[in-house]
Amino acid sequence: MFTLAEVASLNDIQPTYRILKPWWDVFMDYLAVVMLMVAIFAGTMQLTKDQVVCLPVLQSTVNSKAQPGVSGKADFTTIETTTGQGEEASMRMVSFGSAPTGTPAVPLSRATSSQYQPTESGQELKKEQKDSSGRKTNLDFQQYVFINQMCYHLALPWYSKYFPYLVLIHTIILIVSSNFWFKYPKTCSKIEHFVSILGKCFESPWTTKALSETACEDSEENKQRLTGAQSLSKYVSTSSDEGSPSANTPMITKSGFKFSADKPMIEVPSVTILDKKDGEQAKALFEKVRKFRAHVEDSDLIYKLYVGQTVIKTVKFIFILCYTANFVNTISFEHICNPKVEHLIGYTQFECTHNMAYMLKKLLISYISLICVYGFICLYTLFWLFRIPLKEYSFEKVREESSFSDIPDVKNDFAFLLHMVDQYDQLYSKRFGVFLSEVSENKLREISLNHEWTYEKLRQHVSRNAQDKQELHLFMLSGVPDAVFDLTDLDVLKLELIPEAKIPAKISQMTNLQELHLCHCPAKVEQTAFSFLRDHLRCLHVKFTDVAEIPAWVYLLKNLRELYLIGNLNSENNKMIGLESLRELRHLKILYVKSNLTKIPPNITDVAPHLTKLVILNDGTKLVVLNSLKKMTNVAELELQNCELERIPHAIFSLSNLQELDLKSNSIRTIEEIISFQHLKRLTCLKLWHNKIVNIPSSITHIKNLESLYLSNNKLESLPAAVFSLQKLRCLDVSYNSIALIPAEIGLLQNLQHFHITGNKVDTLPKQLFKCVKLRTLSLGQNFINSIPDKVGQLLQLTHLELKGNCLEYLPATLGQCQLLRKSGLVVEDHLFDTLPSKVKEMLNQDTSIPFANGI
């Protein structure tokens, strides 16, 4: 028999799960405990005291006369020797009574030496009959024990014998059914996780502060009380009127939700100052709640399991009630037993009494009463389960009582668990809802962010960029710290990977701010802040993954001069870009688009009359339609890089104001169309580098005003004389081709200042090269040159000379005549530098800063 402690362990649920047990489950647990006690009490009584006592039923014909030894029906007798203390043994005859007709009595002897004496037996029997006054049965004690045991199993109803065990089994089944959803592997993990998160959310200081701020937003007296309040109930909002914040300035956003930053939470230090550890814990809770919701909302297994176990308990109740009602009357005190062992005892029928019948009947009635109460509670539970949709949970009341109007409704198992918690205490769900609100999470981020990023810390991150402007770069923060807008002398602000960036009205303090970078940062701007940016911002960089990330207010910055768009703008999304709003950018001069365009969006032509520079950097996607370029009559600089162009687009020839053309990294093989450049009178810079050009047509001579020509990284094998007829050419870059000879005509380029022929097959240098006395940069590296003429000393303005990667054995001493050349500008192997005279090396080693520009 197992102990009570072992049975009770079946109902041993963790105390933390009590919040998921409504009153009916608790009541049914107590009823199950009482039924368990009934079963154990009845079982104990039955094991210790349960028995039946039986007496034989004597036939009337037999009882009327008892004549031993008459006509073959005489009773058998046994001589029993009894010994008393201090007395002689005497012989005593024990009568077994009359046996039924035709059934001989079975003699039993307890003395092996006894003798059968008919005469003396008859005399003794007569004497015994005279002395006794009761009815003789002639049964021994052992025979009575034998009959009692047989009749216990034959005459006693089975329900009387097994009632305690049935009660115990039924109770165990009910206990298991009540708590199965806490033990089943696929549900217990979710329940355990939910209870853990719920407890942490309830006790989190952030929950208290968030609800307290809602409840006491307009009461200074309440704010003072919040500082020393310890009870959680003081932080619960009960007023729906006080919990509605008023936004002073609307947000210009793409979402329906608006949050104003004009009322920073730091106005109430006692509420908003949150311990760093508590803040980190609250952040972790927000993330846990988000992941748990996604995990639990996708199924309704917990709900189905709870409904299933309730149905099982109800069916069990009906079953117990039905069969118990049939057997309640079978428990009685008197029973008739027919053991069919006449050959052993001589009697066919016995009348028995069951000494536990009265107690068992009372316990059974008590058990039936408990089962009825249990069943009614099960029926009520089923009514509750199907009365309302438990797979949907609304936080409408919480939204009305607090400022967190964005708390979402939940469904499936998540909703069911919250319904169960409400039966315990609705305060749990209310406090839990704080961690479902994005507004609450954003407020927490703002508080933690402002607490961490102070003015002093931000000032340490301010640096000077290449343009000598003060720049601040914020990367992967939860928001924009308020202290940023106190840096009034800041020129450039970069916000990268800040998904919840908000620009408040305080930005109007940053009067020096002219450049803003938004890298994967769809910032929201208040109306006052937008007015400031519209009037003061000059340069805006927007880097995005999807076109929807571009803030709508970008297209309304009427004083914007430069706009840089970097992201996915393929043909399917071109219509979504919203560039039709660019017509508001009346002062836009530079438009930079780095994307994967297949055609230039037609809406760009709305700002074409204002543009002076257009840059399109593709990712290798072929740019097909270029007709819209014709409308950009004022464009002075045009870059079409990595657009898979195979020829120079004809639309370019209509750009009469074009000064610089860059067609880098395309697939151009021939440039015969270059003759049409003669109509571009202002073209001074032509960049055709990183293409597949094989030769340069002689028609290049028609570009009279060309000053810079970049043809590096092509497949040129020679330089035609036509190139050297460009008298205004100041920069010529033919690096990394297959040129073997530098023509002598190069001496005609008297204005040449920068000549790059690195990475070719040149072996000798013509003397005419050194007639270009204005040369400042001469790149001759990675060729086959074996000597440098002494005339290199004629290049008095030379500041950069690259000779590394050739077949030189020494350097000419005339390098000392190049007064502007320094060692930092001389790119050669170390051993070659050592071949120079010491005076020349000393001159080259002089640390004199001489301003120069390499023109590249």
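Let's start at Arg647, which is partly exposed, with a relative accessible area of 44%. Please keep in mind that this is a predicted model. So what does Arg647 form a salt bridge with? The partner is Glu673, and the closest N and O atoms are 2.3 Å apart. Arg647 sits in the loop between strand 19 and strand 20, while Glu673 sits in the loop between strand 20 and strand 21 (685–687), so this pair ties together parts that are 26 residues apart in sequence. And is Glu673 buried or exposed? Glu673 counts as buried, at 8% relative accessibility.

Now look at Glu646. This residue forms a salt bridge with Lys622, with 3.9 Å between the closest N and O atoms. Glu646 is in the loop between strand 19 (637–641) and strand 20 (660–662), and Lys622 is in the loop between strand 18 (613–618) and strand 19, so parts 24 residues apart in sequence are tied together by this pair. As for Lys622, its relative accessible area is 43%, which makes it partly exposed.

Let's move to another pair. Lys304 and Asp300 meet through their side chains in a salt bridge, 3.6 Å from N to O. Lys304 counts as exposed, at 51% relative accessibility, whereas Asp300 is buried, with a relative accessible area of 13%.

Note on methods. Residues numbered from 1 in each chain as written. Predicted model: local features only at pLDDT ≥ 70, side-chain atom pairs only at ≥ 80, totals over all residues. Heavy atoms only, no water. Salt bridge = Lys/Arg side-chain N within 4 Å of Asp/Glu carboxyl O. Buried < 20%, exposed > 50% of the residue type's maximum accessible area, 1.4 Å probe, protein only. Helix = DSSP H or I, 4+ residues; strand = E, 2+ residues; numbered from the N terminus.
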